[in-house]
Amino acid sequence: MATKNLSDYDITKVPSAKNMKFGIVVSEWNYEITGALAEGAVSTLLKHGAKEENIIVSHVPGSFELPLGGQFMAEHEEVDAIILLGCVIQGETRHFDFICQGVTQATADLNLKYNKPFIFGVLTTENEEQAKSRAGGRLGNKGDEAAVTAIKMVALKE
Ligand code: DLZ
């Protein structure tokens, strides 16, 4: 099965983000990748009408800390949605599995706890090449996809 290009979407189905406020939490681990995800997310939010002052970006050390970073953001800022951006690359040990499992479940829990979209923008790949392909490379940018999802979920709630 061909892998979807993460930056391909139907622009006519994306509501205006003009009156929305977003938080973005970015993991510093694999920053070459996650920085590119953040650039994609910010530019997609701006493209759909979000105001620069309504996009708040903060950083956490690694993907495992993304849910708590998102929770801090939800507690301190009046944001409509929070996008969590990270990149976990498979290593030789089972660390990958534990981080992925932890961040996935905790993110799902945050959505329900705050009744607010916490968007899972975490790449989980076998190697760096796969990650680069999805961070502005051949397969688009997961940050774009996360931003579009955030806008759609805020509009759905409204
Ligand atoms: C420790 C670790 C490892 C081995 N790999 C990654 C990774 O590929 N991507 C990522 O975002 N973070 C990684 N980390 C760091 C953990 O997410 C976390 O920051 C530390 O285990 C401290 O809690």
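With which residues is Ile-83 in contact, leaving aside its neighbours within four places in sequence?

Author: The model is a predicted one, and the following account should be read accordingly. Once neighbours within four places in sequence are set aside, Ile-83 is in contact with Gly-23, Ile-24, Val-25, Leu-45, Ile-119, Ala-146, Ala-147 and Ala-150.

The largest nonpolar core has 27 residues, and Ile-83 is among the members that touch the most others, together with Phe-22, Ile-24, Leu-45, Leu-85, Leu-123 and Ile-151. Two or more residues of this core come from each of β1 (22-27), α1, β3 (81-89), β4 (118-125) and α5 (142-157). Of these elements, α5 gives the most, with six residues. In soluble globular proteins, nonpolar side chains tend to be buried together.

Asn-54 is situated in the loop between α1 (31-47) and β2 (55-60). Its relative accessible area is 17%, so Asn-54 is buried, the limit for that class being under 20%.

The ligand site is the next part of the picture. Around the ligand stand Ser-27, Trp-29, Asn-30, Gly-62, Ser-63, Phe-64, Glu-65, Cys-87, Val-88, Ile-89, His-95 and Ile-99. Three of these residues may be described through their distances to ligand oxygen atoms. For Ser-27, a side-chain N or O atom is 3.5 Å from an oxygen atom of the ligand. For Asn-30, the side chain likewise has an N or O atom 3.5 Å from a ligand oxygen. For Phe-64, it is a backbone N or O atom that lies 3.1 Å from an oxygen atom of the ligand. On its own the ligand has 480 Å² of accessible area, and the protein covers 71% of that area.

Phe-64 belongs to the loop between β2 and α2 (66-76). With 51% relative accessibility, Phe-64 counts as exposed, because that class begins over 50%; the protein chains only are considered in this value. Apart from neighbours within four places in sequence, Phe-64 is in contact with Ile-99 and Gly-102. Ile-99 is also one of the residues around the ligand. The C-alpha atoms of Phe-64 and Met-153 are separated by 24 Å, the two residues being 89 apart along the chain.

Asn-30 occupies the loop between β1 and α1, and its relative accessible area of 24% makes it partly exposed. Its backbone deserves attention: Asn-30 is not a glycine, yet its phi is positive, at about 55 degrees. Asn-115 also has a positive phi without being a glycine, with a value near 50 degrees. Asn-115 is in the loop between α3 (95-114) and β4, and it is exposed, with a relative accessible area of 55%. Most residues other than glycine have a negative phi.

The charged side chains complete the account. Side chains of opposite charge can pair when their charged atoms come close. The model has five salt bridges. One of them joins Lys-132 to Glu-128, with 3.2 Å from N to O. Both residues lie in helix α4 (residues 128-133), four residues apart, or about one turn of the helix. Lys-132 is partly exposed at 39% relative accessibility, and Glu-128 is partly exposed at 42%.

Another salt bridge is formed by Arg-94 and Asp-97, whose closest N and O atoms are 3.7 Å apart. Arg-94 is exposed, with a relative accessible area of 54%, whereas Asp-97 is partly exposed at 31%. Asp-10 and Lys-13 form a further salt bridge, with 3.8 Å between the closest N and O atoms. Here Asp-10 is partly exposed, at 38% relative accessible area, and Lys-13 is exposed, at 58%.

Terms used
Residues are numbered from 1 along each chain as its sequence is written. This is a predicted model: local features need pLDDT of at least 70, side-chain atom pairs count only at pLDDT 80 or more; totals for chains, interfaces and linings use all residues. Side-chain values use heavy atoms; hydrogens and water are left out. A salt bridge is a side-chain nitrogen of Lys or Arg within 4 Å of a carboxyl oxygen of Asp or Glu. Buried means under 20% relative accessible area, exposed over 50%, partly exposed in between (1.4 Å probe, protein chains only). Contact means heavy atoms within 4.5 Å. A nonpolar core is a set of buried Ala, Val, Leu, Ile, Met, Phe, Trp, Tyr and Cys residues joined through side-chain atoms within 4.5 Å. A residue is near a molecule or strand if one of its heavy atoms lies within 4 Å of it. A polar contact is a pair of N or O atoms within 3.5 Å; within protein, one must be able to donate a hydrogen and the other to accept it, and residues adjacent in sequence count only if both atoms are side-chain atoms. Accessible areas come from the Shrake-Rupley method with a 1.4 Å probe; for residues, only the protein chains shown count as cover.
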